[in-house]
2 protein chains.
Amino acid sequence: MARTLDDLAELSGVSRATVSRVINGGSVSPATRQRVLDVIETTNYRPNLAARNLASGRSGVVGVVMHVAAPLTFADAYFSQLLTGICDSLTSQAAGMMLWLGNRTKQETLDNILGMGMLDGIIVTADTIDDPLVDGLRASDIPLVLVGHRRADRDSSYVDVDHEAASEAITAHLVKTGRNAIYHITGRPNSVSGRDRAIGFRNAIRKAGLELDGHVIPGDYTDESGYEATKNLIASGLRFDALFCGNDNTARGAYRALSEAGRSIPDDVAVAGFDDLEFASQLGPPLTTVRQGVDEIGHEAARTLLSLLENPESGPRRVLLPTELVVRGSTTA
Amino acid sequence: MARTLDDLAELSGVSRATVSRVINGGSVSPATRQRVLDVIETTNYRPNLAARNLASGRSGVVGVVMHVAAPLTFADAYFSQLLTGICDSLTSQAAGMMLWLGNRTKQETLDNILGMGMLDGIIVTADTIDDPLVDGLRASDIPLVLVGHRRADRDSSYVDVDHEAASEAITAHLVKTGRNAIYHITGRPNSVSGRDRAIGFRNAIRKAGLELDGHVIPGDYTDESGYEATKNLIASGLRFDALFCGNDNTARGAYRALSEAGRSIPDDVAVAGFDDLEFASQLGPPLTTVRQGVDEIGHEAARTLLSLLENPESGPRRVLLPTELVVRGSTTA
DNA sequence: TTGTAAGCGTTATCAC
DNA sequence: GTGATAACGCTTACAA
């Protein structure tokens, strides 16, 4: 069993350089190429990545960093789906991936990642707005694609959806269906998506000329926060006929609180979410929400990074994926 | 900014070999060591993994392979928790990890993984009993730790819990609390854990001298399978006073069916699960189940592999982690 | 304790 | 189209 290029070279009676050309697609005569390919086939040869990396400067391995509070990582289906999407795309492109999960301190993780010293590029996602790790990574000279962390600066590549526009759209839908006392239970404080969704909500409410003051209630993307916020709102005695929740989880919590209070959805209160997770369509009534194809985001992130590596000169990639407003029974009769 | 050992050597006025010794803990005089360390500190040097790997034969990177049907990967909290545990342990040991998710064909994945040619070892988990990928990996000469895939052969290292004993224990608990028409809704066919849990169930029933024939109903670990199986059982008109479900998800489905049929838990039917996922304690009534510390399994898998790499001569590691019977309201008044 | 030098398995630049 | 040959950055005998 051939272990090195030299073995292959000897077995096929050519030089190592020629074997390398066969493998990497240099110009070789059809006859020799075939001969070498046969030998490769029968010997079950596998190139040594480390050596290849050392000689060429690239490794075929990209890093995936999810700098997210540990328990949160998979509580929210967002991250698992994202990881699945990225992994899937990368594998099909024959690129390896190294993974960093959780949120250790910036420096520790940074040393760890950069110390790897062999990553062609990095896909990074983080949940807080000003994540020092993201900044540290951006400061390094390794190609980077941010996910769900859109930046205003001109030199970052990112893949994201337009949370702001989507939120404005779904809020406008609530307005259009006749609601006029609309509240928003926000996502996690300091999260990029939470902030942007709240902005979209405010925009829509302002455009509709509706009351905004006190209509933004802090939440944190959990079922519980939706439940508590809704319960408090009910207890406050304020009139409300629609709830735009930071995500589907939060909406599910709101359902519970409304049901306990005997308020009917959508007759008394319309409820809208964000994400379109699997359970959204199975709630009673089915939840109106914004669908963002999370695995598609993952795929696109991988594609984007690979294209960036392929062609680094062509400047940063800035990809905004479309969302879809999914209207179901929770907002319309 | 120093990029190579040679840079460091020059800056600190010693040879490259000495710098290498400082970094890898060879014998160096305190004075020179300090001098070199200072230079390393100020230059923010990071060793090149590929070169180190090429020269030493080890990379500090382990592979993690989860050969599981894609949609299943994170539907079951088991795999996410496992991954989190592994990742956590590995990172804290300064070991990198490469990840392969999903279940592509054996050969494709195998080429991909082995072709990496730089992994020090692999942690592999798969859901089916005879996974060819697992066999392919075992056939390679790379150190391997199996998770949830205990093997009888004498030369595999694994980390698992004793599904069989745990199932026997929880079934015995049902017997002891006076149940005598006990049914088991199994886990996924061909899954290692599903098979072992069913064996444990059978053992307990036999020892109790109860009826076993027809009492093992096929399920697949999903909520739905629990719901359907229970519904059918009710429809069949057969008397039953206890249900041991393949996992907590399945038990949740059973709850729904029982509730729809107006049967009370635990008065009419006792229900038991397996896993002790977060929701188990929040069901009404709280679910009696088996707790297996999944993240601990992940930690242990990482530790085991690292120890195996450290000391390959000392033979395979075979770790069975303890489980805990958690008795709650679903089986006792 | 320290330095010298021989690899590790590729890729890539030359000549031929 | 093909073959020498010099990197790539590090580890590790072996000498000194």
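The entries below go from the chain pair to the DNA strands, then to the sheets and helices.

**Ground rules**

I am working with a predicted model, where local features need pLDDT of at least 70, side-chain atom pairs count only at pLDDT 80 or more, and totals for chains, interfaces and linings use all residues. Residues are numbered from 1 along each chain as its sequence is written, while chains are lettered from A and ligands numbered from 1 in the order in which they are written.

**Entry 1: the two copies**

I began with the general point that a rotation about an axis and a shift along it relate two copies of a chain.

**Entry 2: where A meets B**

I then looked up the contact, which takes 31 residues from chain B and 31 residues from chain A. Two residues are in contact here if their C-beta atoms, placed from the backbone, lie within 7 Å. On the side of chain B that touches chain A, the elements giving two or more residues are α4, α5 (72–75), α6 (77–92), β2 (96–101) and α7 (106–116) of chain B. Helices (H or I, at least four residues) and strands (E, at least two) are DSSP runs, numbered from the N terminus. β2(B) gives the largest share of that side, six residues. By class I noted 17 nonpolar, 12 polar and two charged residues on the side of chain B that touches chain A. For the classes, Ala, Val, Leu, Ile, Met, Phe, Trp, Tyr, Cys and Pro count as nonpolar, Asp, Glu, Lys and Arg as charged, and the others, Gly among them, as polar. The copies meet through the same surface, because 100% of the interface residues of chain B are also interface residues in chain A.

The elements that give two or more residues to the surface near DNA strand C are α2 (16–24) and α4 (49–56) of chain A, together with α2 (16–24) and α4 (49–56) of chain B. That surface splits into 12 nonpolar, 10 polar and four charged residues.

Around DNA strand D I also got 26 residues, and A:Ala17, A:Ser27, B:Thr4, B:Ala51 and B:Ala55 come nearest. Again α2 and α4 of chain A and α2 and α4 of chain B are the elements giving two or more residues to the surface near DNA strand D. α2(B) supplies the largest share of this surface, six residues. The classes near DNA strand D are 12 nonpolar, 10 polar and four charged.

**Entry 3: the sheets**

I traced an open sheet of four strands in chain B, with the order β7-β6-β8-β9 and parallel pairing. β7 (216–217) and β9 (270–272) of chain B stand at the edges with a single partner strand each, so one side of each has no neighbour in the sheet. Strands pair if DSSP finds at least two bridges between them. Between β8 (residues 242–245) of chain B and β9(B) I have three bridges, and B:Phe244 has B:Ala272 as its bridge partner in β9(B).

In chain A, the open sheet of four strands has the order β7-β6-β8-β9, with parallel pairing. Four bridges link β6 (residues 182–185) and β8 (residues 242–245) of chain A. A:Tyr183 has A:Leu243 as its bridge partner in β8(A).

**Entry 4: helices**

Helix α9 (residues 163–176) of chain A lies across β6, β8 and β9 of chain A, at about 170 degrees to β8(A). Helix α11 (residues 223–236) of chain A lies across β6, β7 and β8 of chain A, at about 145 degrees to β6(A). Axes are lines fitted to C-alpha atoms, for helices over the stretch in contact, and angles run from 0 to 180 degrees between N-to-C directions.

Last, I checked α7(B) against helix α8 (residues 132–139) of chain B: they pack at about 35 degrees, with axes 9 Å apart. B:Lys106, B:Thr109 and B:Leu110 of α7(B) make the contact with B:Pro132, B:Leu133 and B:Gly136 of α8(B).

Definitions and conventions. Near = placed C-beta within 6 Å.
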